[in-house]
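Visitor: I am new to this structure and would like to go through it by question and answer. Please show it first.

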Amino acid sequence: MTKPETTLRDVTLRDGLQLTGKQLSSERKVAVVRELLRLGVPSIEVGSLARADLVPSMANTLEVIEELTPDERARCWVWVATPRHVQRAVQAGAVNFQYCLSASDNHNKANIGRSTEDSLAAMPQAVEHAHAAGGRIQLCIATAFTCPFDGFVPEQRVLDIAADPRTSGAADIVVCDTLGQAVPTQVSNLITRIVQHTPPRRIVYHGHDTWGLGVANSLAAAAAGAGEVDGALGGLGGCPFAPGASGNAATEDLLFALRPDWLTPDTFARIVELSGELLDELGEPNRSRAAQGARSSATAFPWALAHEKEACR
């Protein structure tokens, strides 16, 4: 039997914007969502309900959700951490929710302001609100490998959270290398154990590229059974409450590696161009190696932007 294709979710507008100095208007965010969906990106994380005074770039998330059409919202996700977050997002029209907690108690307190146990205890109510709205909810486990405060996180800690009955209403499990310190063997081992020892759900891998292994870890996750991986345009991203966290695996790099059926050289070129435009607007560097490669002078390679220019002469 052929293994299903591993899909990509773009998280530029949530994780990607958390540490940027400049902010994007709701109109600009909606335009980015629509362009990525038009190009074929299967799903997008459009923002979070984090406190605006702590993460100003997320202040207009509800406005973005309200401006999207129902069909667009069906392919978009919003980060939440409390049942009240889910309620507020539902009122704006959201139907897909990523309920986040940390495997590390100290990071959960820094990120969400409560213990991991408190977040777990509140999850059934969050699930109830999501399901009442006809929506889907994910269990997102941050610091699944290492914590900026406590260091190494045991695999069993993650497995216990994934198997906790209070998380049973989640359709997916998002496994996060928040600091980008994991290596492919760690990722493969953890994903494999989650597949083998927890209730059957789709697994999403969210990896950062701090130590240069964002793509390698994502491919290891896919090989071990993850059905989706997260990426951000140009490798944007980072967690304001996790010292040492840097950008996500780049969307361009993941797409170039995964080669989903919908991706063509022309589509890839437009994604690279969109990423460049957005990063210039934000005043952020482009960390995508594939974007750099696409701008090379290797005109004989169909994935290079120069190939199109040469063909037009």
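Visitor: Is arginine 166 buried, partly exposed or exposed, in which class does it fall?
Guide: This is a predicted model, and the class follows from the relative accessibility of the residue. Buried means under 20% and exposed means over 50%. Arginine 166 has 25% relative accessibility, so it counts as partly exposed.

Visitor: Which residue forms a salt bridge with arginine 166?
Guide: Side chains of opposite charge can pair when their charged atoms come close. Here the closest N and O atoms are 2.9 Å apart.

Visitor: How many residues apart in sequence are the parts tied together by glutamate 228 and arginine 202?
Guide: Glutamate 228 and arginine 202 form a salt bridge, with 3.5 Å between the closest N and O atoms. Glutamate 228 belongs to strand 10 (residues 228–231) and arginine 202 to strand 9 (residues 202–207), so the parts that this pair ties together are apart in sequence by 26 residues.

Visitor: Which class of accessibility does each of these two partners have, glutamate 228 and arginine 202?
Guide: The cut-off for buried is under 20% relative accessible area. Glutamate 228 has 2% and so counts as buried. Arginine 202 has 28%, so its class is partly exposed.

Visitor: Are aspartate 15 and arginine 14 buried or exposed?
Guide: The side chains of aspartate 15 and arginine 14 meet in a salt bridge, at 4.0 Å from N to O. Aspartate 15 has a relative accessible area of 3% and is therefore buried. Arginine 14, at 7% relative accessibility, also counts as buried.

Visitor: Which helix gives the most to the negative patch?
Guide: The negative surface patch is formed by Glu27, Glu63, Glu66 and Glu67. Glutamate 67, one of these, has 35% relative accessibility and so counts as partly exposed; its place is in helix 2. With three residues in the patch, the helix that gives the most is helix 2 (residues 61–67).

Visitor: What is the phi of threonine 143, and is this residue buried or exposed?
Guide: Most residues other than glycine have a negative phi. Threonine 143 is not a glycine, yet its phi is positive, near 45°. It is found in the loop between strand 5 (136–142) and strand 6 (146–147). At 0% relative accessibility, threonine 143 counts as buried.

Visitor: Where is arginine 259, and what is its phi?
Guide: Arginine 259 sits in the loop between helix 10 (251–258) and helix 11 (265–282). Its relative accessibility is 38%, so it counts as partly exposed. Although arginine 259 is not a glycine, its phi is positive, about 50°.

Visitor: What is the radius of gyration of the protein?
Guide: The secondary structure comes to 13 helices and ten strands. For 313 residues the globule rule gives 20 Å, and the value for this protein is close to that, so the protein is as compact as a globular protein of that length. The radius of gyration is 19 Å.

Visitor: What share of the 313 residues counts as buried?
Guide: The C-alpha trace spans about 65 × 40 × 40 Å along its principal axes. A residue is buried when its relative accessible area is under 20%. Of the 313 residues, the share that counts as buried is 56%.

Key: Residues numbered from 1 in each chain as written. Predicted model: local features only at pLDDT ≥ 70, side-chain atom pairs only at ≥ 80, totals over all residues. Heavy atoms only, no water. Helix = DSSP H or I, 4+ residues; strand = E, 2+ residues; numbered from the N terminus. Buried < 20%, exposed > 50% of the residue type's maximum accessible area, 1.4 Å probe, protein only. Patch = residues over 30% accessible without salt bridge, like charges linked within 9 Å, V, L, I, M, F, W, Y side chains within 5 Å. Areas by Shrake-Rupley, 256 points an atom, 1.4 Å probe, with all protein chains shown as cover. Lys, Arg positive; Asp, Glu negative; His and termini not counted. Charge placed at Lys NZ, Arg CZ, Asp CG, Glu CD. Rg over C-alpha atoms; globule rule 2.2 N^0.38 Å.
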